[in-house]
Amino acid sequence: MSAASTDEPVQPAASPEQAPIAPQARGPGMWATVAALLRKELLVELRTLESVPGMSLFAVTTFVVFHFALNQNTVSGDEAAGILWVTLLFAAMLGVNRLFVADQDQGGFDAFLLAPVDRTAMLLAKALALFAYLAVLELIAVPAFGLLLLAPPLSQTLPDLLLVLVLADIGIAAIGTLVAALAVQTRARDLLGPLLALPLLVPVVIGAARASSPLLVLAHPAGVGGPPIRWLATLALYDLVFGLIAYAVFDFLLED
Amino acid sequence: MIELEGLVRRYGEREALSDVSLSLHAGQTLVVFGPNGAGKTTLLRILSTLLRPHSGGVTVLGYSLPDEAWAVRGRVGLLGHEPLLYRELTARENLRFHARLHGVGEERVEELLAAVALTDRADEPLKTLSRGMVQRAAVARATLHDPELLLLDEPRANLDPAARELVEPLIGPGTDPARPRTRVISSHDPAGGLAEADLVLGLRGGVPVLLSEAADVSRAQIAELYR
């Protein structure tokens, strides 16, 4: 100790008067924060093209590989549903892994935590961004699947398939955001992300594959049936449960 | 404004800050000296609510941390080693993003871009700007919401003399007596640091080895910290 003891807090004699404590800073509302974060997220993706092009290229390449590896021109039913959903799942993992990287590497987390905003806004914005990435992925991958592998015409299955895609994407977005926020804080984030996400996403893949399988059969009579309600309900319930879990724990993942 | 009582912060087994106690009033400037790894950045991050103290009392702006951290956010401006800006976005896009998070109008963004002389380069991605320009943008980001407490980690690093003059009104002691600017500054510059300090804290290995009013501290005492 050079000059003064640290045992007692120093009270400089000539200190100015204590200023009155101002009320807490008022930030924007929840949805304004979500909008600001989502806008930033999409802007960064547009500039870097780090997620969606990679996801899309992976999916299309995988369909091409299946096309040749299966040694058959078309697939249908369970086989088609399995190929479609496993491919979409692994393509989604590429986006999940990148979801928080810019924030972690460039201080976006810290900047966000310093702002007087509801932290749930980041969960919502990231999940919405991932949902948007998945939608763009599927805009490219599903027609490619129809062209390269699918036996029945895509126009026959698409209206019903859309509902399954939306429900599965909500689940992937909720679980993916949660897992990505956890994994990005570790050194082994590229390994940990898929390790944590894949087991949690298996029920989504099962539900989505079972729900879409009847839509992808060659003899599917248009206007009859549709996706099984049981599997749609399972997907919706899983989305709800993981949406609530993500909402409950996300704040803690951002904490020191 | 800031009250620390026996503050301890650990990283694993290592104590990054050990038993730090001090009191800083509104409008005062605390300058923290110490070699690399002394705990300066850790102290600033605790005061900014980004890190939790492991024991001891921390009161900032009248609120106890970490329990009342929510009340402190948005009233503190942190300028650290990292600019906390996205490299792919332009300076204007970055500042507008932060303005939205802090509920600040876009006219303030233009005002600050002009203040740090970045208006002409405001629409270029940050990754294309020099380090000094990025630091100026970071100063604008940290002061965008006109915070009551400024936490500045070597704030003039990467700035040339002209740029230092530019940012001085933003990170200097302030001139409005109705709104005193309280600052905690981490520095390696004994002359510059002592000139702007009311209170000096010297850290070595996380331990406070010097705590005194600036008038009572000599440059030799600061230099001793680095030996």
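**Briefing on the predicted complex**

Of the 256 residues of chain A, 46% count as buried, a residue being buried if 20 or more other C-beta atoms, placed from the backbone, lie within 10 Å of its own. The structure is a predicted model, in which local features need pLDDT of at least 70, side-chain atom pairs count only at pLDDT 80 or more, and totals for chains, interfaces and linings use all residues. Residues are numbered from 1 along each chain as its sequence is written, while chains are lettered from A and ligands numbered from 1 in the order in which they are written.

**Fold of chain A**
- Chain A contains nine helices and zero strands, where helices (H or I, at least four residues) and strands (E, at least two) are DSSP runs numbered from the N terminus.
- Among contacts in chain A between residues at least 6 apart in sequence, 86% join residues at least 24 apart; a contact requires C-beta atoms, placed from the backbone, within 7 Å.

**Helix 7 of chain A**
- Helix 7 of chain A (residues 154-183) is largely enclosed by the rest of the structure, because 21 of its 30 residues are buried.
- Helix 7 of chain A bends by about 45° at A:Asp160, the bend being the angle between axes fitted to the seven residues ending there and the seven starting there.

**Confidence**
- Chain B has an average pLDDT of 92, and 100% of its residues score at least 70; pLDDT is the predictor's confidence in each residue, from 0 to 100.
- Among the elements of chain B, helix 3 (residues 91-101) has the highest mean pLDDT (96) and helix 8 (residues 219-225) the lowest (88).
- For the complex, the predictor gives an ipTM of 0.89 and a pTM of 0.88.

Note on methods
Buried ≥ 20, exposed ≤ 12 C-beta atoms within 10 Å, placed from the backbone. Contact = placed C-beta atoms within 7 Å.
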